[in-house]
Amino acid sequence: MIAQVEAVGSDGRVIVTHDGRREAVAALTLPTADAPLRVGEWVVIQSGFALERISEPEARDALEIRRTRPQASRRTWEVPE
């Protein structure tokens, strides 16, 4: 899921928004020694973790694909009988 950073905490968590919702996620998995996360940046999140920092153009492209082709963001798993 693509989310935008709204606030950066001192405890390794950030507040992000995605799909109109706010959520606290752990940013401890992101390398931040060279450049700490800042408000307004974009991240990929999953299961309560920020996994990757992405550029604004990448985020906009991903959000547009999700908006125009919602089936592209869902995986269908077939269970063999």
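A: What follows covers the model's confidence, the fold, the strand pairing and the core.

Q: How far is the model trusted for local features and side-chain pairs?
A: This is a predicted model: local features need pLDDT of at least 70 and side-chain atom pairs count only at pLDDT 80 or more, while totals for chains, interfaces and linings use all residues. Residues are numbered from 1 along each chain as its sequence is written, and side-chain values use heavy atoms, with hydrogens and water left out.

Q: What is the mean pLDDT?
A: The mean is 86, and 81% of the residues reach 70 or more. pLDDT is the predictor's confidence in each residue, from 0 to 100.

Q: OK, the fold. What's the pattern along the sequence?
A: β-β-β-β-β-α. That is five strands and one helix. Both are DSSP runs numbered from the N terminus: helices are H or I with at least four residues, strands E with at least two.

Q: How do β1 and β2 pair?
A: Antiparallel, over four bridges. Pairing requires that DSSP finds at least two bridges between the strands. V5 stands opposite V16 in β2. The two strands form a hairpin with four residues between them, and G12 in the turn has a positive phi of about 90°.

Q: And β2 with β3?
A: Also antiparallel, with strand β3 (residues 21-26), over six bridges. R13 has A26 in β3 as its bridge partner. This hairpin has two residues between the strands, and D19 takes a positive phi near 50°.

Q: Which face of β2 is covered?
A: The one with V14, V16 and H18; R13, I15 and T17 make up the uncovered face. In a regular strand the side chains alternate between the two faces of the sheet.

Q: Now the core. Which residues are in the largest one?
A: There are 11: A3, V5, V14, V16, V25, A27, L30, L37, V43, I45 and A50. A nonpolar core is a set of buried Ala, Val, Leu, Ile, Met, Phe, Trp, Tyr and Cys residues joined through side-chain atoms within 4.5 Å.

Q: How much of the protein counts as buried?
A: 23% of its 81 residues. Buried means under 20% relative accessible area, exposed over 50%, partly exposed in between (1.4 Å probe, protein chains only).

Q: Back to V25. What is V25 in contact with?
A: Leaving aside neighbours within four places in sequence, V25 is in contact with G12, R13, V14, V16, I45, G48, F49 and A50. Contact means heavy atoms within 4.5 Å.
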